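Visitor: I am new to this structure and would be grateful for a close look at a single part of it, the sheet. Please describe how it is arranged and what lies around it.

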Amino acid sequence: MPPWRDPHLWLTAFQNWITVSIDQHGQKTMVFVAENDHGKRLGFATLSHETHFTGEHQAYINELATSDVAEGRGVGTALIQACEQWAREQGYRILALSTGAANGRALGFYHHIGFRDEDVKLVKLLTESDSDNPNRQT
């Protein structure tokens, strides 16, 4: 998470997204939960239907998270595979997701399993003074 974002607002938004996904499971969203052989939850993914700005319909992974103990053990890959299968069954040819530009671990994981960069979102902090901006035009 970028240092200029409020962690409390970020966490609240994330919790709301998960709640909405669970409430709409099977209607507007799909929720996958990964568990071990003993029923302990290891991670989850939520998907929804999305229309790209070109008008093409695609599947969109809203959230994907694994527990600390599951990280690096194939749980994220298994969740992505479940998402891919669901997307194919819905007739989509594209599965999309977003993650933070500073989230190097997630970016590395997604690139490793075949995701490609498509869009880059840029932000400018409007609270910084002109003297702090090295690209300022004078």
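Guide: The following account treats the sheet and then the contacts around it. The model is predicted, so local features need pLDDT of at least 70 and side-chain atom pairs count only at pLDDT 80 or more, while totals for chains, interfaces and linings use all residues. Residues are numbered from 1 along each chain as its sequence is written, and side-chain values use heavy atoms, with hydrogens and water left out.

Four strands make up an open sheet of mixed pairing, in the order β1-β2-β3-β4. Strands (E, at least two residues) and helices (H or I, at least four) are DSSP runs numbered from the N terminus, and two strands pair if DSSP finds at least two bridges between them. At the edges stand β1 (29-35) and β4 (95-97); each has a single partner strand, so one side of each lacks a neighbour in the sheet. Between β3 (residues 57-66) and β4 the pairing is parallel, over three bridges, and I61 stands opposite L97 in β4.

Helix α1 packs on this sheet and touches β1, β2 (41-51) and β3; contact means heavy atoms within 4.5 Å.

A salt bridge (a side-chain nitrogen of Lys or Arg within 4 Å of a carboxyl oxygen of Asp or Glu) joins E56 and R93, whose closest N and O atoms are 2.7 Å apart. E56 belongs to the loop between β2 and β3, and R93 to the loop between α2 (75-89) and β4, so the pair ties together parts 37 residues apart in sequence.

Terms used:
Axes fitted to C-alpha atoms, helices over the stretch in contact; angles between N-to-C directions.
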